[in-house]
There are 2 protein chains.
Amino acid sequence: MSIYRTNTCGELRLSDAGKQVTLSGWLQKGRDLGGMTFIDLRDRYGITQLAFNMESNAALCEQARKLGREFVLKISGTVKERENKNLQIATGEIEIVVGELVVLNEAKTPPFTIEDNTDGGDDLRMKYRYLDLRRTPVRNNIMLRHKMAQQTRAYLDAQDFTEVETPVLIKSTPEGARDFVVPSRMNPGQFYALPQSPQTFKQLLMVAGLDRYYQIVKCFRDEDLRADRQPEFTQIDCEMSFVEQEDVLNMFEGLVKHLFKNVKGLDMQSVPRMTYADAMKYYGSDKPDIRFDMKFVELNATENNVVSGKNFKVFDDAELVVAINAKGCAGYTRKQLDELTDFVKRPQVGATGLVYARVNEDASIKSSADKFYDETALQAWAKACGAEANDLILILAGQADKIRKAMNELRLEMGTRMGLRDKDTYSCLWVLDFPLLEFNEEENRYFAMHHPFTSPKPEDVELLDKGELGSVRANAYDLVINGVEVGGGSVRIFNKDLQAKMFGILGFTPEQAQSQFGFLMNAFEFGAPPHAGIAFGFDRLCSLFGGENSIRDFIAFPKNNSGRDVMIDGPSEIDQKQLDELHIALKK
Amino acid sequence: MSIYRTNTCGELRLSDAGKQVTLSGWLQKGRDLGGMTFIDLRDRYGITQLAFNMESNAALCEQARKLGREFVLKISGTVKERENKNLQIATGEIEIVVGELVVLNEAKTPPFTIEDNTDGGDDLRMKYRYLDLRRTPVRNNIMLRHKMAQQTRAYLDAQDFTEVETPVLIKSTPEGARDFVVPSRMNPGQFYALPQSPQTFKQLLMVAGLDRYYQIVKCFRDEDLRADRQPEFTQIDCEMSFVEQEDVLNMFEGLVKHLFKNVKGLDMQSVPRMTYADAMKYYGSDKPDIRFDMKFVELNATENNVVSGKNFKVFDDAELVVAINAKGCAGYTRKQLDELTDFVKRPQVGATGLVYARVNEDASIKSSADKFYDETALQAWAKACGAEANDLILILAGQADKIRKAMNELRLEMGTRMGLRDKDTYSCLWVLDFPLLEFNEEENRYFAMHHPFTSPKPEDVELLDKGELGSVRANAYDLVINGVEVGGGSVRIFNKDLQAKMFGILGFTPEQAQSQFGFLMNAFEFGAPPHAGIAFGFDRLCSLFGGENSIRDFIAFPKNNSGRDVMIDGPSEIDQKQLDELHIALKK
């Protein structure tokens, strides 16, 4: 037993009454009630009330009154049943009548309050992250992350996956995002790169016969940081041999169910599947939030065109006229509809306007376009949309890709307004059959949508040969939860010739392919097994399970949007001597 | 069930006879016996024999005969009891009578044989590491490492430790070894550093109240690589709050016992403890191998000087005359003794000569120095050394520090020669009370022996004030197994003033201390708890448990002595565009 404590601050109960105990922790707050002084003592495990009595021990009581918030204390005393019980906390039925008090360390007044709801802004909290982490909600996030990692390992270990550490100091490859690089002192003029993912190494582990690999691993991407990106992030990285897509989907559906069950206590149903084509058609997104329905309805579809030819130019000229049905929203006011119009016109959404049609209580319909459409025409809209009395149909029109994207935003906005996106409800979805390649207008060439190692669907390989590159579907899959892509992977190419062909399509000369991925292509010559894998964004998965939008509070020491750690004030300048040793110079 | 297999190659038993199965794996070897052809099919889980019969299926048998080593096959067939059972392997009682064979991938002939004992040299094995990893002993090392990590987590999780990921992109600090650095694109002229250890972050987690932290984490050191060092290596990194040294020793003795029990099936006794002073006095090393005794005996000790004053100048002039007793080695030949003399004269050992004394069967003594020492004098040596009939006393003399180091080498050499260093015997030891500071002659100043955050023993703090810096002992401890330091740690300073004093002693100006460790010193102002920690070299620990000397084969993708990964051929040159974006230039 430590000299510092016999028990933690979260441990003592009424059944411990009468025991002599020693506790250590931080002074959360004190209350001075004249004859009595109470202190809440806090550690990671909970809070215990300390009692000091002016009558029985005036000197100690006086000492206690002088202590400040966040002082580190060690106390000894007797566990006693409380008079005013606090049933909100686990230790709320007892207090410690303190007989001995040692101040282990003093504390300056913290720059923000160490409470669940703090008065500290983001910048201050990040600068004093070690104080921010004392707050229960932040600490709980870090503990949740630990539990997520534990349960991930428990599941994968039980499935015979081997955790293998892959190297952090690797080689730079121009494909994909920007690498962080590390000058090599021992190899002048050469650089290591930090891995964007262990992709090639995990494939080599499959060639090596490891069969099932995983790793919870730091990855690095030197990108301009958007709101919720970090230059270093963590993946659950997995790969399996002798499997098809179906095997991978089942295995990792199992992981997700295991996590929901063991971390959140939720029984998940089996995860529905949707093709990329359907996701784009019905949700305008490759990561649809299916906590709510509200699917897209194409009003100018060839097989059921209910809008064209009525002289409404906006619809007649549109490549796509698409509607959603906001159930029960017919009562939206003029003001609310104006808000929605403003919403879709925002540059980030990009529509030019919004047409609506309300289905009244009596089933009659009132639309902003009823100059062009009579009641019969409008009833055809309602029928197409499955709209009934009190529903509100919202319609966007224009260039198909652009309008799908805009309607996706509007659908999500309506979902939020209608309270259909509860953070404690979880809807998982597999999105399948992604395109293998996507065309980049700027560079006038195709890029791998996933990465160059993703295999085409066997039935689409002939399209590859015919040059119909945009139509080739990949054996690639994403796992989406609540509209957030939390994981993605693919069945890999394991044939050297097909891999070489892919590099060619992606614009690599054979020499470039050899110099950058030679080790992988060589490895494929020595008996590569069929293999497939997946990687999950662990930070994002944790934030989803924690019911929050930002990943930052699920990372112990995150960086800000300029890639700085404001607590340690890094990155920083280094000595000239260091630069010299590394054979580099700063550019003026 | 996958289309590729119903079972693994390590799974089928006699009780499965008659079953229709599908297996996939690599062709380990084939044997052609005229009417029959046999193939050993290998995967991670084992080897299964495949049988092809010329009589019943000539075409298939012919096909099988053409397959090369390391081809990837999928076969279907019937499990059958073998005629010639191989009881060495788990599947040795059955074979598969193959009905269907698919070649999933061909393979070039590997550059070395994929057998337990390979003909591949180190360089070739590293270049084709993905083939080397197919070999059972190497794969077993990687699996052992996985199990070590699993069991480490199981123990620490059960002890309420929280695994927290600390950042990889941090800030460079000149103290200690050389940092690897990463130029920041977004912060021109500034650099991240890769952590040599998460030391300051784990201390901040204690300030944050996390109470018990661990992480199995990659660390980085840009040192000139000695034989068995890697630029990136893995630590089990731990820290605890509200503890003294005793608590830490008990906790991690528990970890070591847990690992021996659950990984090796060994019940370890409680770990003995030795002070640094005793380790140096009796073993000439701060990491003594105590699998065997053979302690140093100082023959010119003030209290029992059995060598001085006999006109033997070598001993009379020596600061230290030190002996070991090699039990039962009196029979060593002239040649063997010459070998030992040559051994101690090697520059790495550094003694000028070796004196011996054999205790004969009849208890008389024959020494190489008996010109100076009569039988009575020699009997006093034997008594001091506890030497009996048939023992061999080996003596070195000279400057104390140098001779202790040399005798340590000789003792280990004798231990090896005498078969006392069995790799399957494990002796653990805590070495305690390390000096806080060590003097560096070159820089003419004291350096922290452990690191600047290590606390002095409370009873030695006054020596600090008196300026007797070399005599101050630290609350620092190392765990040594079989003469290898596998872990080390300390009770930390948690008082801001003492920490500032330490930085002063180590030659930091207050400004330097503030600029480099300001965040930690600031953190100490807000209520730091008493805390202590330890870190284990995970690669080394795995190699010890695997019974091998080199850590390299316990790392999936190691680097060579120039810090190169010869498989991926990294580090490598990067584009001018990348250099420009990073605001750096190569130095000519």
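**Legends to views of a predicted two-chain model**

**View 1. Helix 4 of chain A and helix 15 of chain A cross in the right-handed sense.** The model shown here, as in the views that follow, is predicted. Helix 4 of chain A spans residues 136-158, and helix 15 of chain A spans residues 538-545. The two helices pack at an angle of about 115 degrees, and their axes are 10 Å apart. On the side of helix 4 of chain A, the contact is made by A:Leu144, A:Arg145, A:Met148 and A:Ala149. Helix 15 of chain A contributes A:Phe538, A:Asp539, A:Leu541, A:Cys542 and A:Phe545. By class, the residues of this contact are seven nonpolar and two charged, with no polar ones.

**View 2. Chain A is divided into three stretches of structure, domain 1, domain 2 and domain 3.** Domain 1 covers residues 14-105 and domain 3 covers residues 292-417. Domain 2 is assigned in two segments, 139-274 and 428-555. Between the C-alpha centres of domain 1 of chain A and domain 3 of chain A the distance is 63 Å.

**View 3. In chain A, strand 1 pairs with strand 2 and with strand 4.** Strand 1 of chain A (residues 20-33) and strand 2 of chain A (residues 36-43) run antiparallel. Seven bridges join these two strands, and A:Leu33 is placed opposite A:Met36 in strand 2 of chain A. Together they form a hairpin with two residues between the strands. In its turn, A:Gly34 has a positive phi of about 75 degrees. The pairing of strand 1 of chain A with strand 4 of chain A (residues 72-81) is also antiparallel and has seven bridges. There, A:Leu23 stands opposite A:Ile75.

**View 4. Five strands of chain B close into a barrel.** Their order is 1-2-3-5-4, with mixed pairing. On average, neighbouring strands of this sheet are turned by 55 degrees against each other, direction ignored. Strand 1 of chain B (residues 20-33) pairs antiparallel with strand 4 of chain B (residues 72-81) over seven bridges. Within that pair, B:Ser24 faces B:Lys74 in strand 4 of chain B as its opposite residue. Helix 1 of chain B (residues 58-65) lies across strand 1, strand 2, strand 3 and strand 5 of chain B. Relative to strand 5 of chain B (94-105), helix 1 of chain B runs at about 65 degrees.

**View 5. Chain B is superposed on chain A by a rotation of 180 degrees.** The shift along the rotation axis is 0.0 Å, and the RMSD is 0.1 Å. This is the relation of a two-fold axis. Of the interface residues of chain B, 100% are also interface residues in chain A, so the copies meet through the same surface.

Note on methods. Residues are numbered from 1 along each chain as its sequence is written. Chains are lettered from A and ligands numbered from 1 in the order in which they are written. This is a predicted model: local features need pLDDT of at least 70, side-chain atom pairs count only at pLDDT 80 or more; totals for chains, interfaces and linings use all residues. Side-chain values use heavy atoms; hydrogens and water are left out. Copies are superposed by least squares on the C-alpha atoms of residues with pLDDT of at least 70 in both. Contact means heavy atoms within 4.5 Å. Axes are lines fitted to C-alpha atoms, for helices over the stretch in contact, and angles run from 0 to 180 degrees between N-to-C directions. Helices (H or I, at least four residues) and strands (E, at least two) are DSSP runs, numbered from the N terminus. A crossing is left-handed if the near helix is turned anticlockwise from the far one by less than a right angle, and right-handed if clockwise. Ala, Val, Leu, Ile, Met, Phe, Trp, Tyr, Cys and Pro count as nonpolar, Asp, Glu, Lys and Arg as charged, and the others, Gly among them, as polar. Domain bounds come from an automatic or database domain assignment. Two strands pair if DSSP finds at least two bridges between them.
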